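Dear colleague,

Please find the structure below, handed over for your review. My notes on it follow.

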Amino acid sequence: LGSSLFILGAVIFFTACGQASYNASPGWYAPAFFTTSLFVIFFLIKIGVAPFHTWVADAYEGSAPAVTLFLAVVVKFGALVAFMKILSGPLFSAAYI
């Protein structure tokens with residue numbers, strides 16, 4: 001679900017703006033705002049924030065403890081770092097406020 005939201009957001013943004021760069025977005029243009037919302041939802045699903053936390057347990061079921069540790073810590077931390085980097089950078093810079 002999360003990856004499909006990311007791909008949908010990227011396709012809509014590229015179709016509306018003609019480039020895959022947030023610098024091409026003309027401010028709070030409706031498709032840019034919609035795709036930004038899709039990207040935020042994608043990262044919230046990957047991090048496992050409520051209400052998406054109910055799906056996280058399914059990934060751990062039946063796996064070895066080392067795999068569970070990797071999925072629980074490393075992947076979530078990487079997604080959180082990427083989410084914070086995007087939030088502090090291109091999505092909410094002073095150019096769009």
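V73 is partly exposed, with a relative accessible area of 45%; the term covers values between buried (under 20%) and exposed (over 50%), taken with a 1.4 Å probe and protein chains only. This is a predicted model, in which local features need pLDDT of at least 70 and side-chain atom pairs count only at pLDDT 80 or more, while totals for chains, interfaces and linings use all residues. Residues are numbered from 1 along each chain as its sequence is written, and side-chain values use heavy atoms, with hydrogens and water left out.

V73 lies in helix α4 (residues 65-88); helices are DSSP runs of H or I with at least four residues, and strands are E runs of at least two, numbered from the N terminus. The protein has 4 helices and 0 strands.

Helix α1 (residues 2-17) has 16 residues and reaches 22 Å from its first C-alpha to its last, close to the 22 Å expected at 1.5 Å a residue (1.5 Å times one less than the number of residues). Its buried residues are G2, L5, G9, F13 and C17. Seen down the axis of α1, these fall within an arc of 70°, so they line one face of the helix; the arc is that of the directions from the helix axis to the C-beta atoms. The face of α1 turned away from the buried side carries the exposed residues I7 and T15. Just after α1, G18 takes a positive phi of about 85°.

In the protein as a whole, buried residues make up 25% of the 97 residues.

Yours sincerely
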